[in-house]
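Welcome! Please take a look at the model below, and then we can walk through some of its packing and contacts together.

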Amino acid sequence: MLKSKTFVKKTRSGGVMKIVREHYLRDDIWCGSEACTECKHESTVLQKDACIESNLCSYPHYLVPDTNVVLHQIDILEDPVIRNVIILQTVLQEVRHRSAPIYKRLKDIIHEKEKHVYTFTNEHHKETFIEREPGESANDRNDRAIRVAAKWYSQHLKASEAEADGLKVVLLTNDQGNKQKAEESGLLVYKCEEYIKSLIANPELVDRLALSNDEKNEITSSKVLFPEHLPLSRIQAGIKSGTFLQGTLRASRDNYLEATVFVQREQDDGTEVLIQGLQNLNRAVHQDVVAVQLLPRNQWVAPSSVVLQDEGPAKDDGVEDEDEENVLKTSAAESARKLTGKVVGIIKRNWRPFCGMLNVSHIKESTRHLFTPADRRIPRIRIETRQASSLVGQRIMVAIDGWPKDSRYPNGHFVRSLGGAGEKDTEQEVLLLEHDVPHQAFSQAVLSFLPKMPWSITPEDMVKREDLRSLTVCSVDPPGCTDIDDALHCRELENGNLEVGVHIADVSHFIRSGNALDKEAANRGTTVYLCGKRIDMVPELLSSNLCSLRSNVDRLAFSCIWEMNHKAEILKTRFTKSVINSKASLTYAEAQMRIDDTNNNDDITVSLRGLNKLAKILKRQRIAKGALTLSSLEVRFHMDSETHDPIDLQTKELMETNSMVEEFMLLANISVAQKIHDEFPECALLRKHPAPPPSNYDILLKAAKSKDVEIHTDSAKALADSLDVAKVDGFPYFNTLLRILATRCMMQAVYFCSGMDSDFHHYGLASPIYTHFTSPIRRYADIIVHRLLAVAIGADSTYADLTDKHKQSALCNNLNYRHKMSQYAQRASVAFHTQLFFKSRGVLNEEGFVLFVRKNAIIVLIPKFGLEGTVFFDSKDKAAPNIAFDEEGPTLKVEHHTFHIFDKVKVTISLDDSNIQHQKIRMALTEPVIAGVSVAIPDAEPQAKKPKLDR
Amino acid sequence: MATVQVSEAEKVYILHGIRDDLRVDGRGCEDYRHMEIETDMVSNTDGSAKVTLGHTAVLVGVKAEIGKPRPMLPNEGYLEFFVDCSANATPEFEGRGGEELGTELSNTLYKVFNNKHSLDLKSLCISRGEHCWVLYVDVLLLQCDGNLYDAISIAIKAALFNTKIPKVHISADEEGRKEIELSDDPYDCMRINVENVPCVVTLCKVGHRHVVDATLQEKACSVASLIISVTHKGTVTCTRKVGGGSLDPESIFEMTEAGKRVGKALHAPLMALLQQEEAQGKRRQKVGFLS
């Protein structure tokens with residue numbers, strides 16, 4: 001029988017559409033009961049003796065729950081005790097409509113054979129289908145449909161039954177009106193609670209019922225913690241009219257109650273809006289794209305310099321929020337106040353699965369636990385899990401599902417476990433995941449584009465390339481380097497000038513544009529170097545073999561060859577694709593030794609000396625132009641060859657040869673940048689380093705002033721010069737510290753497309769134009785530059801995407817992002833290995849310098865380990881000492897001692913693994929001695945202990 | 001227009017019959033043929049009706065859509081007509097054969113129905129100058145056996161009577177932008193007042209007399225006909241002469257008077273019938289197209 005269902009619907013364009021669907025009614029839908037003799041079903045689901053011990057229903061019966069019972073009491077329905085349930089199609093459809101997770105659970109129940117749950121398609125049954133009546137709401141109609149179906153069942157069972165014991169149907173509903181109507185029509189109907197309580201044999205069910213009921217009350221009664229988010233249409237209108245600003249939220253690492261939103265506006269470069277407090281953050285999570293409304297000027301605040309971590313372990317649903325936020329409320333100077341706003345809506349969530357650990361709830365048997373992400377900028381997430389005990393001590397991944405406005409924390413669910421916390425593999429996985437570093441093995445599709453082995457240079461290649469195999473080319477790299485992408489040569493020409501060549505691995509020969517290999521490399525963007533591990537951008541065959549310019553094998557190269565005079569002035573520059581044969585792969589130290597060894601006069605050494613001489617001149621010229629020599633401490637771990645645990649740690653040393661290689665790489669990059677920009681003014685991929693805004697230097701100027709040193713920041717040159725003369729007697733390390741501080745003031749250098757920007761200047765190198773050309777094995781930008789250069793010299797053909805400045809701009813964005821993330825991952829890896837190192841060392845006592853002064857802490861740099869740590873002066877468990885912070889200095893007065901930047905202090909260093917999730921290096925003050933603040937110097941001199949002796 | 005060939009002898013026979021107020025099929029000059037009306041025929045329209053008059057059959061569907069009011073009439077909705085001369089009706093309509101007739105018919109329908117005296121167009125306005133209901137009246141000729149205008153007009157009146165427009169209300173948000181909201185009850189709908197909707201009466205001048213509801217044979221004997229739209233009060237809202245012959249003023253006057261009389265008499269039973277059908281609601285057995 002055909003019926004039609006008619007309804008009207010609003011279309012997306014705002015119109016109204018009448019939709020008519022055909023609806024077929026059938027007479028061959030069976031009841032699914034074993035007891036039924038009338039229906040011609042092949043197999044039955046519902047049992048004949050559907051007995052459950054109940055003091056309300058002493059007869060065998062089937063349960064028919066209504067929609068709300070399913071939605072709210074799904075836990076009960078899931079219990080194995082509850083069997084022989086009829087789920088009506090009406091109920092199923094409504095549940096599906098209202099809650100996807102519950103629908104899924106319901107489907108699971110239905111599929112479980114043991115549960116004997118039958119779905120009755122009442123909407124298609126000839127006798128149970130009903131049409132909506134005039135004046136009846138959709139809900140009323142569904143309730144009626146459920147009653148009609150229940151009624152049909154009870155009559156059907158009565159009619160078909162011969163036995164006396166009388167199977168019955170019991171309708172479960174919590175709706176008073178529905179219950180009354182059902183009783184009027186002669187149905188057996190109970191409230192869910194009534195029924196469950198009547199199950200004498202299974203009292204434990206009542207607990208679960210009560211629990212879920214409480215839950216419901218909690219949701220309705222608990223106060224709303226956050227303001228409602230605005231709908232997208234309002235947000236868009238607001239952004240258009242200028243009342244709201246759109247930007248990406250960046251939570252503060254140090255303070256979970258603070259975040260900034262970077263707003264990109266058309267008129268200016270962009271502004272930062274400060275968001276402070278849970279209410280104003282309004283459930284926005286780090287990296288979400290949000291709409292922000294500015295607060296009135298009198299409510300603007302200054303970013304607090306307090307370091308604040310969300311710590312209360314059992315704290316739930318914002319009772320103590322007021323206290324927490326009081327910490328922030330300090331009257332800041334008018335000038336320090338910044339643009340402050342509040343989040344009014346979320347435009348795009350940027351949730352991904354987060355790594356972290358579970359804080360197991362103190363209440364036993366509780367299935368709801370808090371999860372603390374490894375990234376401090378992500379709030380803690382409440383998840384529901386029954387396997388909490390097995391997840392303790394594991395690194396797990398959790399995805400956020402949503403953040404209701406009455407909940408202090410977002411809700412999420414468990415995704416997978418990564419392994420035990422603190423284990424090296426797990427931690428490495430965590431930091432790769434957290435920094436979004438693609439680190440899966442290369443797919444088969446990618447590998448299929450690799451050259452077939454054995455590979456050799458073909459005659460066709462030779463025809464197109466210049467044969468430079470006869471030149472004395474050598475490479476200089478750090479020890480253990482297998483991806484050698486640059487090699488050098490220098491020789492005297494007959495006219496007395498010098499010929500200098502920089503030969504770069506010709507990666508673009510192997511990676512052709514547009515194939516899977518190219519796409520993968522473009523996505524990875526860069527090779528990531530972690531301590532003891534390298535995440536390659538291109539498969540190993542290329543990175544460590546075919547592209548690597550190893551000694552004594554023929555390799556394809558892209559060469560940049562200059563003719564220079566002895567004053568290192570470039571007379572001629574040319575670029576060519578070539579074939580080279582490196583004569584030696586040296587380390588920096590080896591090269592240095594050759595240069596220094598006056599007895600050694602072989603070709604390689606002579607070539608190196610020539611290079612070194614020119615490099616020194618080049619460097620001098622560069623510095624004269626105002627290039628900055630900045631400092632940051634880099635550490636190197638000596639790894640145990642078997643366990644790969646760090647056994648020693650030293651800061652990296654720089655040798656003359658380091659700077660020699662660097663000079664020629666810079667020169668090559670600049671030459672190439674000019675060439676590709678001349679050839680492709682609209683689509684050259686360049687790298688720029690913007691000059692920092694003057695305000696960035698505030699901290700440097702203040703710090704220098706405290707030591708009576710004048711720093712000029714008007715130009716890069718002025719800065720470089722004033723840094724050179726900045727010296728304090730009896731404080732040799734001062735200059736390095738100052739340079740470290742200056743580094744922190746700098747902006748991030750970025751890739752960009754020349755057609756999309758007008759400012760090309762590289763501030764740090766004092767070069768008007770710059771790009772990356774010299775490391776195509778580990779940077780994708782260089783591959784693009786190689787392709788551009790190859791087209792420019794007619795050595796290769798172009799393709800559409802190469803000259804599309806919008807596509808290139810998009811590529812630059814990805815490269816900049818990957819580059820930044822790889823740096824963070826590198827730092828995180830160093831930090832983790834530092835922790836491993838200190839774990840085996842116990843407590844150390846070291847000398848350090850104050851690098852920054854914060855409101856409640858000082859940040860100390862230990863030059864010996866290149867390690868930075870924070871010494872807190874307030875802690876939760878003991879009374880805080882008298883602290884006075886002076887922003888002008890900045891100085892911090894603790895009791896009677898005042899800390900300035902650059903103060904020499906002594907601290908103990910130990911590994912704090914009380915929080916296994918965030919193991920951190922803990923520093924405590926030993927000198928100067930401040931009563932109640934500093935700690936005693938540990939007795940033993942642990943440095944004397946060599947780890948080897950420990951075993 | 002569908003035509004038949006009539007011989008001279010037949011013509012004389014018809015003419016003489018009409019002179020004596022006795023037509024070939026036994027009707028008087030002002031009588032209609034047997035008429036059948038059924039509404040709510042097409043479920044995916046908002047209102048529909050099928051009318052058969054003799055062998056003439058037309059189906060009318062009304063679809064209501066939200067549109068923008070005409071700039072000159074910002075607080076009124078409007079109607080759009082489209083007449084589809086299906087080749088099923090007569091082989092002459094095959095290809096583009098029915099196009100000219102279709103345009104002619106729809107032009108007349110605009111004149112007759114799309115004005116505020118026939119329909120309360122203001123009730124179709126949702127928000128002034130921004131949204132209004134546009135009623136798309138689609139006429140499908142299923143079979144042609146003369147007197148298309150009358151059959152179409154009756155079908156349109158019936159279909160408009162049957163039309164149920166979903167109720168909408170406008171809610172404005174804080175920025176003053178308007179949002180159309182739909183009621184979720186399918187029974188919550190607006191009806192159109194068809195009291196003043198006229199019916200068309202076509203009078204054919206045959207010999208010295210004129211006939212109502214001419215068959216194709218009678219039409220072949222006629223020189224010219226007059227289309228008159230008449231409301232239930234007997235008001236003439238539109239007249240139009242069609243056909244090649246000429247009419248003298250006196251006979252135009254006579255024909256108008258006759259048209260008024262016939263038209264006025266047509267409305268009352270039509271409305272009674274429609275209301276009776278409506279009252280049956282869902283219990284009504286639908287006849288459909290297969291009867």
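How are helix 2 of chain B and helix 3 of chain B set to each other: parallel, antiparallel, perpendicular or oblique? Let us find out, keeping in mind that this is a predicted model.

## Two helices in chain B

Helix 2 of chain B spans residues 99-113 and helix 3 of chain B spans residues 148-162; their axes lie 11 Å apart and the packing angle is about 50 degrees. The two helices are therefore oblique to each other. Their crossing is right-handed.

From helix 2 of chain B, the contact draws on Leu101(B), Glu104(B), Leu105(B), Thr108(B), Leu109(B) and Phe113(B), while helix 3 of chain B brings Leu148(B), Tyr149(B), Ile152(B), Ser153(B) and Ile156(B). Sorted by class, the residues of this contact are eight nonpolar, two polar and one charged.

## A helix pair in chain A

Now for chain A, where helix 25 (residues 780-792) and helix 26 (residues 805-839) cross at roughly 150 degrees, with axes that come within 10 Å. An angle over 145 degrees counts as roughly antiparallel, so helix 25 of chain A is roughly antiparallel to helix 26 of chain A.

Here Tyr780(A), Ala781(A) and Ile784(A) of helix 25 meet Gln808(A), Leu811(A) and Leu815(A) of helix 26. Five residues of this contact are nonpolar, one is polar and none is charged.

## Where the chains meet

Between the two chains, 21 residues of chain B and 18 residues of chain A take part in the contact. About 1600 Å² is buried between chain B and chain A, and carbon and sulfur atoms give 53% of that area. On the chain B side, the residues that lose the most area to chain A are Ser43(B), Leu182(B) and Tyr187(B), which together make up 29% of what that side buries.

## Salt bridges

One salt bridge pairs Arg469(A) with Asp554(A), and their closest N and O atoms are 2.8 Å apart. This pair links distant parts of the chain, 85 residues apart: Arg469(A) sits in the loop between strand 18 (466-467) and strand 19 (473-477) of chain A, and Asp554(A) belongs to strand 24 (residues 554-564) of chain A.

Note on methods
Residues numbered from 1 in each chain as written. Chains lettered and ligands numbered in written order. Predicted model: local features only at pLDDT ≥ 70, side-chain atom pairs only at ≥ 80, totals over all residues. Heavy atoms only, no water. Axes fitted to C-alpha atoms, helices over the stretch in contact; angles between N-to-C directions. Helix = DSSP H or I, 4+ residues; strand = E, 2+ residues; numbered from the N terminus. Parallel < 35°, antiparallel > 145°, perpendicular 65-115°, else oblique. Left-handed = near helix turned anticlockwise from the far one by under 90°. Contact = heavy atoms within 4.5 Å. Nonpolar A, V, L, I, M, F, W, Y, C, P; charged D, E, K, R; others polar. Buried area = accessible area lost by both parts, 1.4 Å probe. Salt bridge = Lys/Arg side-chain N within 4 Å of Asp/Glu carboxyl O.
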